[in-house]
Amino acid sequence: MKDELLKALVNLDEEEALALVEKQIEAGQTPLEIVEICKNGVEIVGKRYSEGHYFLADLIMAEEILKGIMGIVEPYLSVDVPTNGISIVFGTIEGDIHDLGKNIMIYLLRSSGFQVYDLGVDVSPEQFVKAVSETGAPILGISVLLSFCVGSIKKVVDLLEEAGLREQVKVVIGGYPVNQTVKEYTGADYYATDVTNAIAICRGIIKK
Ligand code: B12
């Protein structure tokens, strides 16, 4: 069934994809596993787009399908957990309006007890620094999907340094272009490209 869902996503077959997700949930597949299949599926859509086989309208369709899927899985993600008292500032970096991954991350963090301040998309480095200063949050999560926006994350880290806030906050980044090299270039503390790792990192930070 996993492969079928991947195929339906890649073929942008909304009806089939939503029906398969319903079936998978009924069969006991976890929402996290479904989210990861979706991520892999839209990655292939993105690849087809960059190769010129798919067009912008297809990316928009992929977004539509993902939103439908999230609508189905979200109730299964939500668990009433007590807050762990740890706050996280989260947003998508300046110039970038991709927010599906960010929203999934925020949903999962909230379900894990974190108090998340969602700054939205296209967030300037100055806005990130202001939010860290005002909230005193020990974790800053930045999402980036566009490679040419990576430089603005470096600016966030530099501005945190200038404002004397760098020691009090761990910067965690994630999204399509993120890897070890990007982590080092931007000066971020951690990176993650999948939900399981991302939550583990945030939990690890508060234990330290
Ligand atoms: C859907 C989509 C869109 C939708 C976005 C809808 C929305 N509301 O977000 C629309 C159609 C609007 C769009 C627009 C564009 N897009 Co687009 N888009 C995609 C696509 C197909 C899927 C992205 C997605 O939602 N993935 C699903 C989520 C769940 O995965 P995710 O975001 O990676 O998040 C996961 C992890 O990365 C992680 N995570 C995410 N953030 C964070 C943060 C932290 C702190 C942590 C720890 C973890 C974490 O957790 C998530 C769950 O696992 C990607 C392809 C791809 N390979 O990603 C292209 C892609 C990102 N887009 C691309 C491009 C070029 C564009 C446009 C410039 C196209 C255009 N010509 O206009 C515009 C840019 C608009 C802008 N200014 O931002 C390129 C970027 C290429 C590059 N190297 O920079 C991609 C890679 C496609 C491609 N291969 O060419 N896009």
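Helix 7, residues 150-162, comprises 13 residues and spans 19 Å from its first C-alpha to its last, close to the expected 18 Å at 1.5 Å a residue; the expected span is 1.5 Å times one less than the number of residues. Helices (DSSP H or I, at least four residues) and strands (E, at least two) are numbered from the N terminus. The model is a predicted one, in which local features need pLDDT of at least 70 and side-chain atom pairs count only at pLDDT 80 or more, while totals for chains, interfaces and linings use all residues. Residues are numbered from 1 along each chain as its sequence is written, and side-chain values use heavy atoms, with hydrogens and water left out.

Within helix 7, V150, S152, I153, V156, V157, L159 and L160 are buried, that is, under 20% relative accessible area, where exposed means over 50% and partly exposed lies in between (1.4 Å probe, protein chains only). The cover over these buried residues includes helix 6 (125-135), strand 3 (139-143), strand 4 (170-174) and helix 8 (180-186). After helix 7 comes G164, with a positive phi near 75°.

The ligand is surrounded by 38 residues, of which I97, H98, D99, S143 and S147 are the closest; a residue belongs to these surroundings if one of its heavy atoms lies within 4 Å. Helix 3 (31-50) gives the largest share of this shell, eight residues. At least two residues each come from helix 3, helix 4 (56-77), helix 5 (100-111), strand 3, strand 4 and helix 9 (195-207).

Strand 1 (residues 87-92) contains G91. G91 counts as buried because its relative accessibility is 0%. Leaving aside residues up to four places away in sequence, G91 touches K102, G120, V123, F128, G141, I142 and S143, contact meaning heavy atoms within 4.5 Å.

Two loop residues other than glycine have positive phi. L12, in the loop between helix 1 (2-10) and helix 2 (14-26), has phi near 55°, and its relative accessible area of 14% makes L12 buried. D122, in the loop between strand 2 (115-118) and helix 6, has phi of about 55°, but D122 is partly exposed at 40% relative accessibility.
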